[in-house]
Amino acid sequence: MTALVPSEAVDKAANLKNAQLWLGGQWRPARSGRTFDVVNPADGVRIATVSDGGADDALVALDSAVSASCEWASVSSRTRAEILRRVFDRLVERRDEFAAVITAEAGKPLTESLTEVAYGAEFFRWFSEEAPRIAGRYGTNPEGTGDVIVTHRPVGPCYLVTPWNFPLAMVARKIAPALAAGCTVVVKPAELTPLTTILLCDVLADAGVPDGVVNVVTTSDPAAVSAQLMSDPRLRKISFTGSTEVGRRLIAQSAENVLRTSMELGGNAPFLVFEDADIDTAVAGALVAKFRNVGQACTAANRFFVHTSLADAFARRVTDEVAAMKIGSGSEPGVTIGPLIDRRAVDHNQRLVDDARRRGARVRCGGHPIPGPGTFYPPTVLDQVSADSELMRTEIFGPVLAITTFETEDEAVAAANATEYGLVAYAYTRDLARGHRLVDRLEAGMVGVNTGVVSNAAAPFGGIKNSGLGREGGAEGIAEYLSTTYALVAR
Ligand code: NAD
């Protein structure tokens with residue numbers, strides 16, 4: 001494995017006004033003067049030093065968002081749409097630069113980073129198209145005594161908190177609908193991957209987003225920044241993507257000012273392969289659903305339930321495919337398995353594999369950490385996994401594919417639903433009626449039938465149960481940033 005030499009693109013993002021805070025359309029250092037380091041997980045080498053914002057900087061960010069709020073809400077939806085469309089165009093033009101930055105700070109292979117840039121950019125295009133379509137309703141009340149007028153307004157200043165695993169897509173999924181709806185925002189990117197958001201500010205400004213509409217506070221102390229913002233009654237909404245544990249805390253905090261909340265939280269996706277599945281399609285889907293971003297995706301397939309008649313063939317086929325995967329720095333050509341985000345993630349995966357092994361799982365391949373530099377874990381296939389293994393309950397968030405078996409559809413559905421999470425479920429079958437039945441029976445906000453990827457800017461992404469509240473993308477995505485006003489005009 002060779003170390004990633006920071007590319008020009010990374011240097012550019014890291015040096016963008018010395019990676020300061022983006023407040024009211026200006027780059028400013030943290031008031032404390034403090035900074036924190038960003039490292040490349042492929043080699044542990046520091047790639048940038050960014051400003052470490054605190055509660056006082058968060059207040060400045062919110063002041064800016066509040067000051068810009070009325071004017072931005074009154075900008076015509078057509079103008080907002082055109083600005084967002086320019087953001088899409090600029091992201092497409094600068095995709096290589098963004099991909100290099102994502103790979104350097106998050107570790108994923110360059111090809112996956114390019115896919116993420118395309119996916120993330122799509123939210124700006126989609127919501128540029130949604131902005132002018134914010135609709136209202138008009139009618140007469142049933143008594144005939146008045147006219148009912150329903151309109152939608154921006155909810156007001158929003159706080160957007162994002163995770164490290166998709167540094168561009170997660171922030172795009174929030175900023176684009178917020179701006180389309182006419183809201184101003186304070187963004188707090190994950191401390192492990194702040195550079196992509198910093199670089200995005202450059203694109204937003206270039207595309208004509210007015211000063212103060214988007215403000216970014218990078219910080220190593222998210223709790224302090226969140227406490228400051230969420231206790232301020234001028235803030236009207238929080239949209240969070242991250243772990244269920246932190247999400248719960250933020251939901252509790254949001255009670256104080258009765259904030260609108262959107263929560264995109266953890267997952268524990270089941271992947272069902274029925275006896276009538278096309279095994280080639282199921283294996284291809286399994287590889288993408290499991291190993292995208294080395295398994296560090298909320299949509300990652302976490303538990304594989306395979307019909308007993310196919311289980312051995314399925315395990316053999318995925319193990320053969322995994323053996324051909326190239327592990328290394330995401331910037332190296334041909335690499336499909338980059339590093340995990342940090343040492344903690346490697347230890348977490350090893351602990352889950354050891355636990356499954358102790359409970360009777362067979363290790364078909366992988367199963368041991370790779371020595372450094374960098375925080376690598378090999379793609380691992382386990383079968384004969386026992387139902388009481390911890391990885392059946394816990395988000396693996398790594399490249400461990402754990403297979404167990406079933407006999408009947410009822411048994412498969414019950415096992416798939418036996419989790420506190422409900423983000424996504426995947427099912428492979430050639431029986432169309434069964435496919436439709438599963439969409440109804442699986443407890444998940446999203447169901448992929450014969451596909452290992454469901455995300456799409458035009459579709460409502462989100463979960464049920466402890467996987468969250470609200471949706472990102474589709475027509476539903478903009479509704480998260482709008483409040484409904486009803487007027488009765490007496491006749
Ligand atoms: P995390 O919850 O640790 O962190 C997410 C964000 O919350 C980061 O910006 C972090 O700085 C911030 N944060 C941490 N502690 C905080 C606190 N006390 N107060 C306020 N903010 C705080 O999650 P992560 O490790 O960055 O991301 C992985 C998790 O995100 C996984 O559980 C994954 O499933 C989930 N995720 C969900 C979706 C989805 O759409 N449902 C998408 C991507 C990731």
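User: In which loop is Gln384 found?

Analyst: Helices (H or I, at least four residues) and strands (E, at least two) are DSSP runs numbered from the N terminus, and on that scheme Gln384 is found in the loop between S15 and strand S16 (400-406). This is a predicted model, in which local features need pLDDT of at least 70, side-chain atom pairs count only at pLDDT 80 or more, and totals for chains, interfaces and linings use all residues. Residues are numbered from 1 along each chain as its sequence is written, and side-chain values use heavy atoms, with hydrogens and water left out.

User: What is the phi of Gln384, and what is the phi of Phe397?

Analyst: Gln384 has a positive phi of about 55 degrees although it is not a glycine. Phe397, which is also not a glycine, has a positive phi near 55 degrees, and Phe397 too is found in the loop between S15 and S16.

User: Which peptide bond is cis?

Analyst: The bond from Gly372 to Pro373 is cis, with omega near 5 degrees, and Pro373 lies in the loop between strand S14 (362-365) and strand S15 (380-383).

User: How many residues surround the ligand?

Analyst: A residue is near a molecule if one of its heavy atoms lies within 4 Å of it; here 30 residues surround the ligand, and the closest are Thr162, Glu191, Ser243, Leu265 and Glu395. Helix H6 (169-181), helix H8 (222-230), strand S10 (237-241) and helix H9 (244-254) each supply at least two residues of this shell.

User: Why does the ligand lie between domain 1 and domain 2?

Analyst: Domain bounds come from an automatic or database domain assignment. Because domain 1 (6-265 + 467-487) and domain 2 (269-456) both give residues to the shell around the ligand, the ligand lies between them.

User: Which polar atoms of the protein lie by oxygen atoms of the ligand?

Analyst: A polar contact is a pair of N or O atoms within 3.5 Å. A polar side-chain atom of Glu191 lies 2.5 Å from an oxygen atom of the ligand, a polar side-chain atom of Lys188 lies 3.0 Å from a ligand oxygen, and a polar backbone atom of Gly242 is 3.3 Å from an oxygen atom of the ligand. By the Shrake-Rupley method with a 1.4 Å probe, the protein covers 89% of the 850 Å² of accessible area that the ligand has on its own.

Key
A polar contact is a pair of N or O atoms within 3.5 Å; within protein, one must be able to donate a hydrogen and the other to accept it, and residues adjacent in sequence count only if both atoms are side-chain atoms.
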